[in-house]
Amino acid sequence: MSLGADAGHPHMSAPPILVWLIEDNAMLGRTVARAVGTIPRFRCDGIFHRCEEALARLDSGASPLPDIFLLDVGLPGMSGIEGISLLKKRAPDSQIVIFTVFDDDEKIYKAICAGASGYLLKGSPVAELIAGLEQVARGGSPMTPRIARRVLAMFSKLAPQTSGEETLSLSPRERQIVEGMAAGLTNKEIAAKLGLSAHTTDSYTRSIYEKLHVNNRSGAVAKALGGRLFERK
């Protein structure tokens, strides 16, 4: 599943970016759906009140699959965090962005380790929600500034010491790139920040995935958390 336009057919209309919202507050769900509808190319293609409803839709052979799940944490029945791995199993190319009122370290950590691509707070301005969805469509990992600061701050105090040998194998430059991933930057933004070409940044990213035995950004950040990659003090 590609979130970008078809570069080989410049005159072909790009397909819409489909968002499934899993949110038990009906009024908020309608508000968010309207906000999604204001973003060019984006379409809210489904609103579900429980994870189980979205999973049932996937199991029924829903097509096309969503590009992005916007997922609440505090849902009736199965929690959003419990649902992440099940949603990823059924729609492995879809990105999952947590959308919740909870900003405590444990929930943030569990969501990232489970495979969430981003973490946005419900109390944030609508503009931040829109910017976050646009960022994940570009390949980034959106987090509100407040959440990004907390993720970086908890690297040295929350994660258990696992995978240390793997994270120690990363070069200083590779560690900088994983830091950028953890802060929600796209590869293009990481390249600009570090003064690297896009090609060089992509090469470093592939090396990071190989060394950490993962195949995506969320996995790399989770391994970094587990290996205390960012603990310097």
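This note sets out points on the fold, strands, cavity and selected residues of a predicted model.

1. Overall composition. The chain holds 11 helices and 5 strands. Of its 233 residues, 47% are buried. Among contacts with a separation of 6 or more, 70% are between residues 24 or more positions apart. The accessible surface of the chain comes to about 11,300 Å², and carbon and sulfur atoms contribute 54% of that area.

2. Strands β3 and β4. Strand β3, residues 68-71, runs parallel to β4 and is joined to it by 4 bridges. Within this pairing, Leu70 has Val97 of β4 as its bridge partner. Strand β4 is largely enclosed by the rest of the structure, because 5 of its 6 residues are buried.

3. Strands β4 and β5. Strand β4 covers residues 95-100 and also pairs with β5, in the parallel sense and over 4 bridges. Here Phe99 stands opposite Leu120 of β5. Both faces of β5 are covered. Gly118 and Leu120 are buried on one side, while Tyr119 and Leu121 are buried on the other.

4. The cavity. How many cavities of 30 Å³ or more does the model contain? The count comes to 1. About 90 Å³ of space lies in the largest cavity. Its lining consists of 12 residues, and those closest to its centre are Ile112, Ala116, Ser117, Ser141 and Met143. Elements giving two or more residues to this lining are β5 (118-121), α8 (172-182) and α11 (217-226). Rolling a probe the size of a water molecule over the atoms shows where empty space is left.

5. Which element supplies the largest share of the lining of the largest cavity? That element is α11, with 3 residues. By class, the lining has 7 nonpolar residues, 4 polar residues and 1 charged residue.

6. Helix α8. The buried residues of this helix are Glu174, Ile177, Val178, Gly180, Met181 and Ala182. Just after α8, Gly184 adopts a positive phi of about 90°.

7. Val221. This residue lies in helix α11. Why is Val221 classed as buried? Its relative accessibility is 4%, and the cut-off for a buried residue is under 20%. Ile112 and Val221 are 109 residues apart along the chain, yet their C-alpha atoms are separated by 7.6 Å. Ile112 is also among the residues closest to the centre of the largest cavity.

8. Leu58. Helix α2, residues 51-59, contains Leu58. Is Leu58 buried or exposed? Leu58 counts as buried, because its relative accessibility is 9%. Neighbours within four places in sequence aside, Leu58 is in contact with Trp20, Leu65, Pro66, Phe69, Leu87 and Arg90. For one of these, Leu87, the C-alpha atom is separated from that of Leu58 by 8.4 Å, and the two residues are 29 residues apart along the chain.

Definitions and conventions: Residues are numbered from 1 along each chain as its sequence is written. This is a predicted model: local features need pLDDT of at least 70, side-chain atom pairs count only at pLDDT 80 or more; totals for chains, interfaces and linings use all residues. Side-chain values use heavy atoms; hydrogens and water are left out. Buried means under 20% relative accessible area, exposed over 50%, partly exposed in between (1.4 Å probe, protein chains only). Contact means heavy atoms within 4.5 Å. Accessible areas come from the Shrake-Rupley method with a 1.4 Å probe; for residues, only the protein chains shown count as cover. On a 1 Å grid over the protein atoms alone, a cavity is a set of points where a 1.4 Å probe fits but cannot get out, and a pocket is an open set with protein on both sides within 12 Å along at least five of seven lines; lining residues have an atom within 4 Å of a point. Grid points are joined across faces, edges and corners, and a volume is the space filled by probe spheres set on the points. Ala, Val, Leu, Ile, Met, Phe, Trp, Tyr, Cys and Pro count as nonpolar, Asp, Glu, Lys and Arg as charged, and the others, Gly among them, as polar. Two strands pair if DSSP finds at least two bridges between them.
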